[in-house]
Amino acid sequence: MRFLIVAASIGSGHMKAAEAIQSEIKNKYEDAEVLVIDFTKWSISWATAFMKACYLFMLRFIPNLYDLMYRFTGGKSGGLSVQSLISVITSHDIKALTRKYHPDVVICTHPFPEGAANHRHKNHPSEFMLATVITDYSVHQMWIYHHVDCYFVARESMRLDLIAAGIAPDSIFVTGIPVSDAFHEAVSYEEIASIREKLKLDASHPSILIMGGGLGLGGMDLALSAIEKIKRPVDVIVVAGRNEKLRAKAEALMQHAPHHVVVFGFTTHVRELMAVSLFIITKPGALTISEAMAAGVPLLLHEPIPGPETQNAVLAVHDGIARWVNDASKLSDAISELLDESGALESMRRRANEMKKPYAARDIVSTLMRRYEAK
């Protein structure tokens, strides 16, 4: 069988989910052909690449405009009009991909390729089976298309929202968001000691991990400033992602910081860094939340990207796996409070272990195969 997984490198979460599914398919079906495509590459879809560039520009310079657009497209009339426009503009790009790779199954982890694939699937229903993995913790209008064969969602409330939007109940599956198997694997005390030694972390100091997703967004500079005000000794691990400016700033901070600071750019060793961290300070990206939940690490959330991340933060706090700081001036106090509240941290760890869905990728792949074989 041939699987085409179409994602978007708008942040790293959509790509990570795609890669987790790819890994599961390869592990389960050695002879399957599985390809992950970034739909935002200029060589794949110039229109989507342009939209990505606009998105990143708005986030960095005029986030309020992005918030306004997110709200507009969240409404049915605004959302449908934008969906139709994007689908038509990008339909040729998905057509080129399906003609090149001849997939039996197309899986989308972002609404832009989903819209293009839905448009193609509507006119050529027997060409491939179409599945969507919603990589958020809430359903936005931009995810809703009526020619998708299977939807995979993180929560029961999302299933109900899709049903209310007219999606057939028997095509929606609550699996959780797929993350790499590494986040579900226990890390031994010996491994933790080895990681600490490698990073020169003091075993008597709590370690705090600061992340901002693959783009290094989410007020990480504010988090670094807040950490500087902490009186007790802590070790700080910074993952700046692909934000080179932030990485340089964090590395400069290392020279005079009152705490031991270790700085990474984009790294594939996040699981190991989580394993040695007491808690994580981050923006509430859905994949980051899912990875932390899988690893059983508490979260201190702040500076959400306008739109779905605000809802992610609300739900994470409601589920008891995180705290959320709305006011940046109170971030230092919130860090100090968590450092002093071992009971609260233990409660968040327990809730994370209760809420996590370790078999999301497996459940998605097995469901897809059952549905495909039944066609």
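**Group meeting: aromatic pairs, a parallel sheet and the cysteines**

I'll start with F61, which is exposed, with a relative accessible area of 59%. Exposed here means over 50% relative accessible area, buried means under 20%, and partly exposed is in between, with a 1.4 Å probe and protein chains only. Before going on: this is a predicted model, where local features need pLDDT of at least 70, side-chain atom pairs count only at pLDDT 80 or more, and totals for chains, interfaces and linings use all residues. Residues are numbered from 1 along each chain as its sequence is written, and side-chain values use heavy atoms, with hydrogens and water left out.

What is the relative accessible area of F57? For F57 the value is 46%, so that residue is partly exposed. F57 and F61 are 4 residues apart in helix α2, residues 46-61, which puts about one helical turn between them. Helices (H or I, at least four residues) and strands (E, at least two) are DSSP runs, numbered from the N terminus.

The structure holds 4 aromatic pairs. The ring centres of F57 and F61 are 5.0 Å apart and the planes are at 45°, so this pair is tilted. The rule is that rings of Phe, Tyr and Trp (its six-membered ring) pair if their centres lie within 6.5 Å; planes under 30 degrees apart count as stacked, over 60 as edge-to-face, and the rest as tilted.

F152 and F173 make a stacked pair, because their planes are at 25°, with the centres 5.6 Å apart. F152 is in strand β5 (150-153) and F173 in strand β6 (172-174), so the pair ties together parts 21 residues apart in sequence. Both of these phenylalanines, F152 and F173, are buried. There is also a cluster, in which ring pairs link Y55, Y66 and Y70.

Next, the sheet. An open sheet of 6 strands runs in the order β9-β8-β7-β10-β11-β12, with parallel pairing. β9 (260-264) and β12 (322-325) are at the edges with a single partner strand each, so one side of each has no neighbour in the sheet. From one strand to the next the twist averages 20°. Axes are lines fitted to C-alpha atoms, for helices over the stretch in contact, and angles run from 0 to 180 degrees between N-to-C directions. Two strands pair if DSSP finds at least two bridges between them.

β7 (207-211) and β10 (279-282) pair in the parallel sense over 3 bridges, and the bridge partner of I208 in β10 is F279. Helix α8 (220-228) packs on the sheet and touches β7, β8 (235-239), β10 and β11 (299-302), contact being heavy atoms within 4.5 Å. The direction of α8 makes about 160° with that of β7.

Is β8 enclosed or open? In β8, 5 of the 5 residues are buried, so the strand is largely enclosed by the rest of the structure. D235, I237 and V239 cover one side, V236 and V238 the other. β8 is joined to β7 by 5 bridges, with M211 opposite V239. Another 5 bridges join β8 to β9, and I237 stands opposite V262 in β9.

Last, the cysteines. How many disulfides does a search of the whole structure find? The search finds 0, a disulfide being a pair of cysteine sulfur atoms within 2.5 Å. The closest cysteine sulfur to that of C108 is in C150, 12 Å away, which is too far for a bond. C108 is buried at 0% relative accessibility, whereas C54 is partly exposed at 30%.
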